[in-house]
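Reader: I am new to this structure. Please show it to me, then take my questions.

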Amino acid sequence: MPEERVPIITLTTDFGTRDSYVGAVKGVIIAINPHAKIVDITHEIPRGDLLEAAFTLQTSFETFPPRTIHLVVVDPGVGTSRRGILVSTDNYYFIAPDNGVLSFIYEREFVNRVMSLEADHYWRLPVSPTFHGRDIFAPTAAWMTKGVDPGNVGPEITDFKRIEVPKPKLVGDKQVEGLVLHVDRFGNLISNIHEQHLEPIFEKLGAEATYNVQVGDTTVKAVQKTYEGGAEGPIALIGSSGYVEVAIPKQDAEKTLGAKRGAPLSVQF
Amino acid sequence: MPEERVPIITLTTDFGTRDSYVGAVKGVIIAINPHAKIVDITHEIPRGDLLEAAFTLQTSFETFPPRTIHLVVVDPGVGTSRRGILVSTDNYYFIAPDNGVLSFIYEREFVNRVMSLEADHYWRLPVSPTFHGRDIFAPTAAWMTKGVDPGNVGPEITDFKRIEVPKPKLVGDKQVEGLVLHVDRFGNLISNIHEQHLEPIFEKLGAEATYNVQVGDTTVKAVQKTYEGGAEGPIALIGSSGYVEVAIPKQDAEKTLGAKRGAPLSVQF
Amino acid sequence: MPEERVPIITLTTDFGTRDSYVGAVKGVIIAINPHAKIVDITHEIPRGDLLEAAFTLQTSFETFPPRTIHLVVVDPGVGTSRRGILVSTDNYYFIAPDNGVLSFIYEREFVNRVMSLEADHYWRLPVSPTFHGRDIFAPTAAWMTKGVDPGNVGPEITDFKRIEVPKPKLVGDKQVEGLVLHVDRFGNLISNIHEQHLEPIFEKLGAEATYNVQVGDTTVKAVQKTYEGGAEGPIALIGSSGYVEVAIPKQDAEKTLGAKRGAPLSVQF
């Protein structure tokens, strides 16, 4: 007898945790399916910051089991004509406003189909024009955990929105130019340069090739595997999601180096 | 065969999330009933702020399924002679100190009975005089999810405490005067004027009647349905809990307008 | 028929809640055992602060039911040669880096055995050198909830690390000298002097003996049972975990008294 499936819904929002917004969303889900397991990714996305939400989701969604429903509510255009969407990939479901917040997902997952959320019998009525997270996205997610077919939530669309995701570029043979995409709680500067972007260079120069990292005005020569590797000043390493990052052991690299999110960061062999 | 009921307990506290207080409360609940589903509303109520706790609970409790137990621990008088209470309404249970923090609930729900928490065989003993949340309220809630009858937790009382909830008032035929009751994470100024308070005026003046909103020194003429409606400056709208609110698209209205919680806010037709 | 056991895993980390680190850890656990109940103690331990993590865990772990797995990830040496460990006590399991963060536990619980985490078939591979929380500790905890025997996660060790836990000392017959071990959200100054440390003095002087508390430059004469006991200025009391603490009703004692964590605090009869 197969083990009973536990329905899982993750939440990534900019609601903060001071107000009752997150609680209201969870209440709606649980009222529909009390067996749903709700997991907070974060509620501290800066207000309306699609790129930050996209990055945060992208660095965690794959640890969840197949068929997890990832709910993302960073929704500056709530109540306007922007649609809500359900994205069905080979491994997961994603429910979000159609504002590009899932752009990283479209690159990482094989997208089977995208539906526009229009079937209002799955909604909490009347819908507040300012809180689709509670009234449209959450109940749709909850009904899906009860076995509703993705095809039932609304018509399939193909013109879903993407936002420009900053991509690193290869300059010459030995340099990759990117930028600081995220600064974490510790002040570590995480770039958009993935270790995969360095592979072609390693293939040419050999696995023993070395590089340094330039971020803002700082040249980082200490490339390590871990935060504690010996160097006292700034270090570079491949972080836990595979991106080149700059850190300072026991310090806050953002504050110490004065390099903020968006600052140019490049890898030079 | 009816589906097994999932017992649900929500938490609204001023404990913060830095210390072990919330964890200790959850441990106590789970040790009594590991099947209880615990949902955080918030732990960031300002210290001892009964009105803020009351508002936060009031804007989320109704999304939860019937028979949810809402546990509220904002308890500046912990250990003094103030009682702990269990409030049983037609739809929910509420467990809290008897300090008025449930005052909004008494207005919204039909209260069946209120019990004073005195049956110490449901408590964690010895009770710390400074942490009734952990030692009295949490275990009582957990035992109730195991089927304990509300009548068993202590004697019924009728003199439970209410705090003054600021009420809007109708001034003349065309004006409602209230105040800013809550400022949310985004800096939106949420008043105590509910859309129901405007209905009598709409009935007289017709559904097409228009109004503006005065908050502090600012007159807000742009009354919209959503945050993104065109106007650049301050806007007014009916928020997701039905209250008149003043916001500024992509800005923090509290900071920009200098209007704080408690500031007068009125609606003028 | 015995009730089905609910597997419980608690989390105490310095990850913060802004990034996706906590979400990634939870995803890993749930992917292995979706029935695991995950409870956050806190994620706001100051970066790498072992003593704070130890104190936070120590003031909450005992409220959880037997066989709970307490996962502690405050791990400044991640990726270096420091080991990961599983500590099995009479009542609980603890999984953490072997950096002394469990030092309080070694004093409070009867330790049956300590295993070094080496069985990498329970890990998430490839292991990131900077995120053992996600790749080693979390999956090991999750597999244990599936019935893996502690003896299988790696070899038993006896040289696990302890950190110096600041201990109060008896000075003469009537004085106990300690320090401020933790400042909570409310600014209450919680010391390392437990009520048990005062018992020998009470035994000598009688149960009616009185004392005052000195913290920094302040002498606190009002020793109360609760925060609200009458006095306006600083008060001392036995807090909810049994430690002598100094507070000021409705104020932040840390700010008002200028006494920080680490400040000397003594009890004088």
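Author: First, a term. A polar contact is a pair of N or O atoms within 3.5 Å; within protein, one must be able to donate a hydrogen and the other to accept it, and residues adjacent in sequence count only if both atoms are side-chain atoms. This is a predicted model: local features need pLDDT of at least 70, side-chain atom pairs count only at pLDDT 80 or more, and totals for chains, interfaces and linings use all residues. Side-chain values use heavy atoms, without hydrogens and water.

Reader: How many residue pairs are in polar contact between chain B and chain C?

Author: Both residues of a pair must be at pLDDT 80 or more.

Reader: Which helix of chain B gives the most to the side that touches chain C?

Author: Helices here are DSSP runs (H or I, at least four residues), numbered from the N terminus. The one in question spans residues 21-32 and gives 8 residues. It is helix α1.

Reader: Is B:Ala236 buried or exposed?

Author: Buried means under 20% relative accessible area, exposed over 50%, partly exposed in between (1.4 Å probe, protein chains only). B:Ala236 touches B:Val213, B:Val220 and B:Glu245, among others (contact: heavy atoms within 4.5 Å; residues up to four places away in sequence are not counted). Its relative accessible area is 1%, so B:Ala236 is buried.

Note on methods: Residues numbered from 1 in each chain as written. Chains lettered and ligands numbered in written order. Helix = DSSP H or I, 4+ residues; strand = E, 2+ residues; numbered from the N terminus.
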